[in-house]
Amino acid sequence: MPSTLTQSAVTRPPDAAAAAIIRTEDLWKIYEMGAEQVAALRGVNLLIARNEYVAIMGPSGSGKSTLMNLIGCLDSPSRGQYWLNGQQVSAMPDDDLAYIRNREIGFVFQTFNLLPRATALHNVELPLIYAGIGTEERAQRALEALRRVDLEPRKNHRPNELSGGQRQRVAIARALVTRPSLILADEPTGNLDSTTSKEIMALFDRLWEEGNTIVLVTHEHDIAEHAHRVIYIRDGQVADDKPTARARQRT
Amino acid sequence: MHFKEAISIALDSLRAHKLRSFLTLLGVIISVCTLVAVIALVQGVNLYVATKIGRLGLNTFSLNQFSLHDMTDRQRFARAVHRNPPLRMADYNYLRHSATIPIAIAASVENNSGTLKAQGQEMDDVSVRGVTPSDLVMESFHVAQGRFIGHFDEQHRTQVAFIGPDVVKHIFPGINPLGRHILVNGSQFRVIGVASKQGNVFGNSLDQFVMMPISTFRKLNGKQASINIGFKAGGSALVQPAMDQVRMLMRARRHLAYTAKANFGLIGSSAVMDLWHSITGAIAAVMVGVSVVFLVVGGIVIMNIMLAAVTERTHEVGIRKAIGARRADILRQFLVESAVLSTTGGVLGILAAWLFTLLAGRYTPIPFSLPWTAVIMALLVSTAVGLFFGIYPAGKAARLDPIVALRSET
Ligand SMILES: Nc1ncnc2c1ncn2[C@@H]1O[C@H](COP(=O)(O)OP(=O)(O)OP(=O)(O)O)[C@@H](O)[C@H]1O
Ligand SMILES: [Mg+2]
């Protein structure tokens, strides 16, 4: 276990925020481009609770992917703090972040990011390999995850033998297989046609119903409507944050 | 854990680029092949020298006018000719009575330019030797046919000849030579026995000789030539004490001062082997040096190809890191890959060396075998080279930033 996990108890934020799965405070990301500095995020404050279903929208270049990468522990902020499950992760070293990515987060990418030479099953097994789980349990859990995305019959196909929607379902199965507390998706339907997009979104809806916390980035309003809350990002800042029509229906 | 996975990734990429992998591994292959082949060669030749060039039977040594050391240099030999008196039959008789440790003592004289004639055939450059009957126990051949020279022959200086199998082949092809007459340098001899085959040393046959009683030899050739005196000890542990005793007796007989150099040569199998080892040792050292150079070159080529592999698979590293691979996981993956690569080179090199020893064993008289210690050493060394030269590329992959790696195009 990374040593920073115990330290975080000290920096744990108080009361209501403690229930939050994601809490950021004045999050900045500044890219150094030679002499030039690009501020992709400029003080983002976010609070996302367990089992929320959140869409992030905003114009191209507004900083959505940058924010997702920080939330997904793929990158560290230049300034500000980030608590994941009440645990301060913004200053963790590389390997501790890898551990968090492996256990707490399931990341779904626009371009799928599957290993091209590996079968669907092996791709789904991969996070379990790095979690140190034995061969038998690994295969069993990977199969179960593939079953949840209705792809068990394709388990021995390689990515280039699968359709775009099927590849994204493999990627989702890979994100699910470690039973993470948070599922992140950066434009998961960006490379898919509208019918396939609907299938993928139906899958996300189901995952949410099963109790998962979902945060996804999208450019399309009908995709965002699947969520219950939309956060608008503009110029690296939260411009708006409101419930969707679907959430209003629910209440 | 994911060690198996790392190995299968490595083997996959080897299979995917067979020619490239082979070229990559050429350095390691050549290096390991030379290393193993040279060790096999030195071992084989050493064995060969011990049994053949030494021409010394088990637990034997000989007393000669000159030592092997005297003969390694022309000036040294010139000085030794001055210093060392020839050995005489009187020395032989003296040692026969005084040297108590050896279990057998024999005297012999040799002339290497004998001519044989018989059956209308002629044969030149035959080794003509005069020996005592006790010589048989010193030799590494046995009597294949007939009998050896006996005491009666020795006492009566009979004109009898014990011949090597090459002489039979040339002069008596398809004929039983026993009882036949043969002219040795013009004198007539009767063949009484034939030796078993010994084979070649560096193209020189060991089977091209004629032996006669030493008394007969000296009657025909005069008594000036120095004789050689052979000794056989009762066991390998007794060789050294026997040699010491003979040395002491000879020094006393020749009134040598404590500090004076010996004016005779004592040649045991150890002396032959020492001389030989100093030659093969130098050759082996050079070849080991050559193979180390190849190994380093091979290692650098592997490092280069691994750097290319890391660049090629940056995106893959990004994916693995994104789903939780730690630095150590990535490091291990690439280290295993380069170790598998170089070990494959090592295995191919060993196979090449094995083929070499098979061929060399077939077409030369040297007894070749693949030395297991060398094989294991070569495997370990080639794996170590892969690990060592894999450290830098693997470290580079392990330190990749996940975001940067994911963004790189495949
Ligand atoms: N590695 C980088 N180096 C420099 N600048 C970067 C880097 N990554 C992103 N940026 C800049 O940061 C800003 C935000 O980029 P980001 O990728 O987060 O936008 P986005 O909202 O995801 O856009 P899109 O909708 O097109 O995906 C952009 O101006 C971009 O040019
Ligand atoms: Mg983006």
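This is a short tour of a predicted two-chain model, stop by stop.

Before you click: residues count from 1 along each chain as its sequence is written, and chains are lettered from A, with ligands numbered from 1, in the order in which they are written. Local features need pLDDT of at least 70, side-chain atom pairs count only at pLDDT 80 or more, and totals for chains, interfaces and linings use all residues, while side-chain values use heavy atoms, with hydrogens and water left out.

**Stop 1: the interface**

Select chain A and chain B together. You'll find 21 residues of chain A in contact with 21 residues of chain B, contact being heavy atoms within 4.5 Å. The area buried between the two chains is about 2,100 Å², and carbon and sulfur atoms give 57% of that. (Buried area is the accessible area, with a 1.4 Å probe, that two parts lose on being put together, summed over both.)

Now pick Arg117(A) and Glu316(B). They form a salt bridge, with the closest N and O atoms 3.7 Å apart; the rule asks for a side-chain nitrogen of Lys or Arg within 4 Å of a carboxyl oxygen of Asp or Glu. The count between chain A and chain B is three salt bridges.

(Helices are DSSP runs of H or I, at least four residues, and strands are runs of E, at least two, numbered from the N terminus.)

**Stop 2: strand β5 of chain B**

Jump to residues 160-163 of chain B. Val160(B) and Phe162(B) point one way from this strand, Ala161(B) and Ile163(B) the other way, and all are buried, meaning under 20% relative accessible area (1.4 Å probe, protein chains only).

Next, show the neighbours; two strands pair if DSSP finds at least two bridges between them. Four bridges join β5(B) to β7 (residues 187-195) of chain B, running parallel, and there Val160(B) has Arg190(B) as its bridge partner. Look for Met211(B) in β10(B), opposite Phe162(B).

**Stop 3: two loops in chain A**

Finish with Asn85(A), in the loop between β4 (79-84) and β5 (87-88) of chain A. Its phi is positive, about 55°, although it is not a glycine. Then select Asp235(A), in the loop between β9 (229-234) and β10 (237-243) of chain A; Asp235(A) is not a glycine either, yet has a positive phi of about 50°.

Conventions: Buried means under 20% relative accessible area, exposed over 50%, partly exposed in between (1.4 Å probe, protein chains only).
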